[in-house]
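Open the structure in your viewer and keep the selection tool ready. We will go stop by stop, selecting residues and saying what is there.

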Amino acid sequence: MGDHSDDIRRPLSPRIEVYAGAGRKRWPDDLKAQIAAESLELAAIVTDVARRHGCRP
């Protein structure tokens, strides 16, 4: 078998990123504090907390 790592016919990755809006979102201080507190809980998974609030970890 040959190496096809440079084969341009292979399908593209199914990953799609969508950027909506312009600029950065302004987060109220109380909401930032709530998100930070949730991420510091003992069993918290930071990525899950971020997704729940619509932001990146």
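Two residues are in contact when they have heavy atoms within 4.5 Å of each other. Keep that cut-off in mind at each stop.

**Before you start**

This is a predicted model, in which local features need pLDDT of at least 70 and side-chain atom pairs count only at pLDDT 80 or more, while totals for chains, interfaces and linings use all residues. Residues are numbered from 1 along each chain as its sequence is written, and side-chain values use heavy atoms, with hydrogens and water left out.

**Stop 1: the whole chain**

Show the protein chain as a cartoon. It has two helices and zero strands. Helices (H or I, at least four residues) and strands (E, at least two) are DSSP runs, numbered from the N terminus. Helix α1 covers residues 29-39. Helix α2 covers residues 46-52.

How much of the chain is buried? Buried residues make up 11% of the 57 residues. Here buried means under 20% relative accessible area, exposed means over 50%, and partly exposed is in between (1.4 Å probe, protein chains only).

**Stop 2: His53**

Select His53. It sits in the segment after α2. His53 counts as buried, because its relative accessibility is 18%. Which residues does His53 touch, not counting those up to four places away in sequence? They are Trp27, Leu31, Gln34, Ile35 and Glu38. We will visit three of these partners.

**Stop 3: Trp27**

Select Trp27, in the segment before α1. Trp27 has 23% relative accessibility, so it counts as partly exposed. Leave aside its neighbours within four places in sequence. Trp27 is then in contact with Lys32, Ile35, His53, Gly54 and Cys55.

**Stop 4: Ile35**

Move on to Ile35, in helix α1. Is Ile35 buried or exposed? At 14% relative accessibility, Ile35 is buried. Its contacts, apart from neighbours within four places in sequence, are Trp27, Val49 and His53. Draw a distance line from the C-alpha of Ile35 to the C-alpha of His53. The two residues are 18 places apart in sequence and 7.6 Å apart in space.

**Stop 5: Glu38**

Select Glu38, also found in helix α1. Its relative accessible area is 16%, so Glu38 is buried. Glu38 touches Ala44, Val49, Arg52 and His53, not counting residues up to four places away in sequence.

Look at the side chains of Glu38 and His53. A polar contact of 3.2 Å joins them. A polar contact is a pair of N or O atoms within 3.5 Å; within protein, one must be able to donate a hydrogen and the other to accept it, and residues adjacent in sequence count only if both atoms are side-chain atoms.

**Stop 6: the salt bridges**

Side chains of opposite charge can pair when their charged atoms come close. A salt bridge is a side-chain nitrogen of Lys or Arg within 4 Å of a carboxyl oxygen of Asp or Glu. How many are there by this rule? The count is three.

Arg52 is exposed, at 57% relative accessibility.

Next, select Lys32 and Asp29. Their side chains meet in a salt bridge of 3.4 Å, N to O. Both are in helix α1, three residues apart, which means a separation of about one helical turn. Lys32 is partly exposed at 43% relative accessibility, while Asp29 is exposed at 60%.

Then select Arg51 and Asp48. The closest N and O atoms of this salt bridge are 3.5 Å apart. Both residues lie in helix α2, three residues apart, about one turn of the helix. Arg51 is exposed, with a relative accessible area of 60%. Asp48 is partly exposed, with 34%.

**Stop 7: Thr47 and Pro57**

Finish at Thr47, in helix α2. Thr47 counts as partly exposed, at 31% relative accessibility. Thr47 and Pro57 are 10 residues apart along the chain, and their C-alpha atoms are separated by 5.3 Å.
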